[in-house]
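Hi,

Here is the structure I promised to send over. My notes on what turned up in it follow below.

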Amino acid sequence: MTETIKHHLNDAILMAYAAGSLPEAFNLMVASHLSLCDSCRAQAESFDALGGEVLDQMRDDEVADLQPESLEATLALILGGPMDKPHVAETDVCAVLPKPLRDYVGGDLEAIRWKPIGMGVKQAILPTSKDASARLLFIPAGTAMPDHGHHGTEMTMVLKGAFQDEDDYFARGDVEIADSDMHHTPVADIHEDCICLAVADAPLQFDRLIPKIAQRFLRI
Amino acid sequence: MLWVEHVARIRDDQDTQAFAELFAHFAPRVKGFLMKSGADASLAEECAQDVMATLWHKSHQFDPARASVATWIFTIARNRRIDLIRRQRRPEPEDLTWGPEEEPDQEDVLTLQQETEILGAALAELPDAQRELIEKAYFGDLTHSEIAAETGLPLGTIKSRIRLALDRLRHAMK
């Protein structure tokens with residue numbers, strides 16, 4: 001699976017993914033990158049293992065007392081539910097979109113419902129919780145990406161084609177992590193149209209509860 | 001190899017004794033974990049029972065060459081927390097093409113389980129200041145900046161302590 005990925009996820013993001021403290025859009029980014037990158041997947045599994053050890057080593061005063069009939073109630077739940085079958089891997093080696101993205105799009109590239117946003121650039125916003133946003137971007141070969149003023153953390157991963165900014169070249173699976181101080185103008189490689197996944201902290205919404213999680217992520 | 005045998009007995013023989021032993025160790029931890037993440041006692045109880053029932057129903061999917069039982073239960077509890085408390089989907093990475101359908105190699109199982117023990121020992125030996133921050137990151141559903149607000153430590157100190165802790169753990173795993 002792993003291609004020649006040069007720009008990876010960092011420890012803070014992988015640890016937050018394992019801890020479960022990222023907004024849905026960022027979870028989608030991480031899951032998509034891990035689908036393409038074996039080394040980050042191995043790191044993510046180590047962070048899961050650390051979570052397991054933290055759980056296992058909880059101090060006595062952190063462990064909660066159960067209800068008196070807790071075990072019996074759980075056994076009753078078990079009898080009521082079906083036994084899962086052995087897991088069958090769902091993979092499609094020909095697809096451009098990794099599985100987590102196909103689940104959101106409802107298929108591979110042909111299922112994306114693009115909306116033009118000017119200069120030949122198209123986008124498709126994916127349905128995630130409102131604390132952050134996820135969208136697919138289509139940038140014609142050789143075209144500059146639309147100016148996206150960064151208000152917080154934005155991550156962009158290449159799915160098809162490539163793009164280049166002042167310093168670096170990003171190809172399939174590479175992730176660019178940008179924060180609010182960053183000003184740059186990425187341009188799609190001249191040889192092929194570029195398709196990316198971009199996730200960002202959304203501007204504040206009216207629902208006060210949800211944006212708090214986005215703000216948390218902002219300052220990781 | 002702690003607990004691996006228990007899961008095999010549940011999977012192969014529907015062994016309620018093995019389940020009761022696993023339950024006695026892990027269910028109070030899962031409940032405590034959920035309460036630290038903001039669930040009240042009754043929701044945490046309900047979720048903990050649900051997590052342990054999932055362990056039984058999904059016992060066929062447990063792959064001891066890829067995770068310890070504690071890791072596996074942690075991931076089930078974490079996903080349930082996102083699902084029930086936060087009401088969000090949690091996208092998971094694509095399955096690897098060489099899925100866990102076949103019986104895992106015993107040597108791989110042993111290696112993974114030994115590595116987990118080393119990781120556990122290294123975590124237990126971390127200086128308190130580092131260990132506490134790791135626990136907060138996993139339990140409290142907190143980012144570094146929220147830990148800063150809670151502990152009064154500067155953000156830079158927290159980041160460097162977590163980095164030091166991860167360096168130590170990685171060193172122990174070499």
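To begin with chain B, the C-alpha centres of its domain 1 and domain 2 lie 25 Å apart. Domain 1 covers 3-89 and domain 2 covers 123-173, with bounds that come from an automatic or database domain assignment.

Before the rest, some housekeeping. This is a predicted model, where local features need pLDDT of at least 70, side-chain atom pairs count only at pLDDT 80 or more, and totals for chains, interfaces and linings use all residues. Residues are numbered from 1 along each chain as its sequence is written, while chains are lettered from A and ligands numbered from 1 in the order in which they are written.

Now the helices (DSSP runs of H or I, at least four residues, numbered from the N terminus). In chain B, α2 (residues 16-36) packs against α3 (residues 41-57) at about 140°, and their axes are 9 Å apart. Axes here are lines fitted to C-alpha atoms over the stretch in contact, and angles run from 0 to 180 degrees between N-to-C directions. That angle makes α2(B) oblique to α3(B), oblique being whatever is left after under 35 degrees (roughly parallel), over 145 (roughly antiparallel) and 65 to 115 (roughly perpendicular).

Residues in this contact (C-beta atoms, placed from the backbone, within 7 Å) include B:Phe19 and B:Phe23 of α2(B), and B:Val51 and B:Trp56 of α3(B). They divide into 14 nonpolar, no polar and 2 charged; Ala, Val, Leu, Ile, Met, Phe, Trp, Tyr, Cys and Pro count as nonpolar, Asp, Glu, Lys and Arg as charged, and the others, Gly among them, as polar.

Cheers

How values were computed: Helix = DSSP H or I, 4+ residues; strand = E, 2+ residues; numbered from the N terminus. Contact = placed C-beta atoms within 7 Å.
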